[in-house]
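Here is a short note to read alongside the structure, for anyone meeting it for the first time.

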Amino acid sequence: MKRVLILVNFLCLSFYCASQSDSTFVDNKYFEDQFYFGFSYNALLEQPSDFIQNGISGGIGIGYIRDIPLNKRRNVGFGIGLGYAYNAYIQNMKIEEIGGQSNYSIVSTGSYKSNRFASHAIELPIELRWRSSTATKYNFWRVYTGVKLGYVFVANSKYVDSSETIKVDSINEYENIQYGITLSAGYSSLNVHIYYGLNELFKDAYVDSESIDMTQLSIGLIFYVL
């Protein structure tokens, strides 16, 4: 029994010493902000004449960015990542498939209970990153800017009024490749994120015989973990 107590005391002392050593260890090879999640409000620019965006059009995003420090202090870096994004747009375009042949009618409407189109995308963010962090400073300023490429693998819509519900599972006129510029800036956990799309959401699409040339502007908050 005495030997067991001696062994237990030895192990406890070893763990205590190890924890004390870890608490003073400074990792000069640290990485910052590699996991992220965020949410945003989506505004549509270059709207057609009778287009009305109403309600709350929102989006969410989550992903991983590989942080690559570019200097010895590690406050300037390059980031490339992979993520997922969902974006919804509440508006008055009624999208309906015609004849079951992947042809669609898009018209503006003024009477409905709910109406939205949405997209699911795989995203590739590429960033140039500046921050005021150090190996022991966890609350710091940051400014990250870059570009974001996206591949939309699903675009759908749902229209509901008093007499019918119309669902479209795949909008062929939706542009699969999306790209734009990004800016994230803030302090500690509070960071503003802006995305400005450089190409149209739809290709060869018309509403009431008017070309749909809308682009996306998203403004929201982004949170970085680790």
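1. Ser132 counts as buried because its relative accessibility is 14%; buried means under 20% relative accessible area, exposed over 50%, and partly exposed in between (1.4 Å probe, protein chains only). Ser132 sits in the loop that joins strand E6 (114-131) to strand E7 (141-160). Helices (H or I, at least four residues) and strands (E, at least two) are DSSP runs, numbered from the N terminus. A polar atom of the Ser132 side chain lies 2.9 Å from the backbone nitrogen of Trp141. Setting aside neighbours within four places in sequence, Ser132 is in contact (heavy atoms within 4.5 Å) with Arg73, Lys137, Phe140 and Trp141.

2. A word on what you are looking at: this is a predicted model, in which local features need pLDDT of at least 70, side-chain atom pairs count only at pLDDT 80 or more, and totals for chains, interfaces and linings use all residues. Residues are numbered from 1 along each chain as its sequence is written, and side-chain values use heavy atoms, with hydrogens and water left out.

3. Now the overall layout. Of the 226 residues in the chain, 40% are buried. Among contacts with a separation of 6 or more, 69% are between residues 24 or more positions apart. The chain exposes about 13,000 Å², with carbon and sulfur atoms supplying 61% of that area; accessible areas come from the Shrake-Rupley method with a 1.4 Å probe, and for residues only the protein chains shown count as cover.

4. Which residues touch the most other members of the largest nonpolar core? They are Met93, Phe117, Ile171, Tyr174, Phe202 and Ile212, out of 19 residues in that core. Strand E4 (93-98), E6 and E7 each supply at least two residues of this core. Another core, of five residues, lies apart from it and includes Tyr36, Ile65, Ile222 and Tyr224. A nonpolar core here is a set of buried Ala, Val, Leu, Ile, Met, Phe, Trp, Tyr and Cys residues joined through side-chain atoms within 4.5 Å.

5. Tyr174 deserves a look of its own. Leaving out neighbours within four places in sequence, Tyr174 is in contact with Tyr89, Phe117, Ser119, Val152, Ala155, Leu201, Phe202 and Lys203. Both Tyr174 and Phe202 are buried.

6. On to the rings. The whole structure holds ten aromatic pairs, where rings of Phe, Tyr and Trp (its six-membered ring) pair if their centres lie within 6.5 Å; planes under 30 degrees apart count as stacked, over 60 as edge-to-face and the rest as tilted. The Tyr174 and Phe202 rings have centres 5.2 Å apart and planes at 65°, so this pair is edge-to-face. Tyr174 lies in the loop between strand E8 (165-168) and strand E9 (177-187), and Phe202 in the loop between strand E10 (190-197) and strand E11 (206-207), so the pair ties together parts 28 residues apart in sequence. Tyr89, Phe117, Tyr174 and Phe202 form one aromatic cluster.

7. Next, a buried aspartate. Asp67 belongs to strand E2 (residues 58-69) and counts as buried because its relative accessibility is 0%. The side chains of Asp67 and Arg131 make a polar contact at 2.8 Å. Such a contact is a pair of N or O atoms within 3.5 Å; within protein, one must be able to donate a hydrogen and the other to accept it, and residues adjacent in sequence count only if both atoms are side-chain atoms.

8. Please also check two backbone angles. Most residues other than glycine have a negative phi. Glu46 has a positive phi, near 55°, and lies in the loop between strand E1 (35-45) and E2. With a relative accessible area of 59%, Glu46 is exposed. Arg74 also has a positive phi, near 70°, and lies in the loop between E2 and strand E3 (76-90). Arg74 is buried, at a relative accessible area of 10%.

9. Last, Leu221 in strand E13 (residues 215-225). Leu221 counts as partly exposed, at 28% relative accessibility. Its C-alpha is 9.4 Å from that of Tyr41, although Leu221 and Tyr41 are 180 residues apart in sequence.
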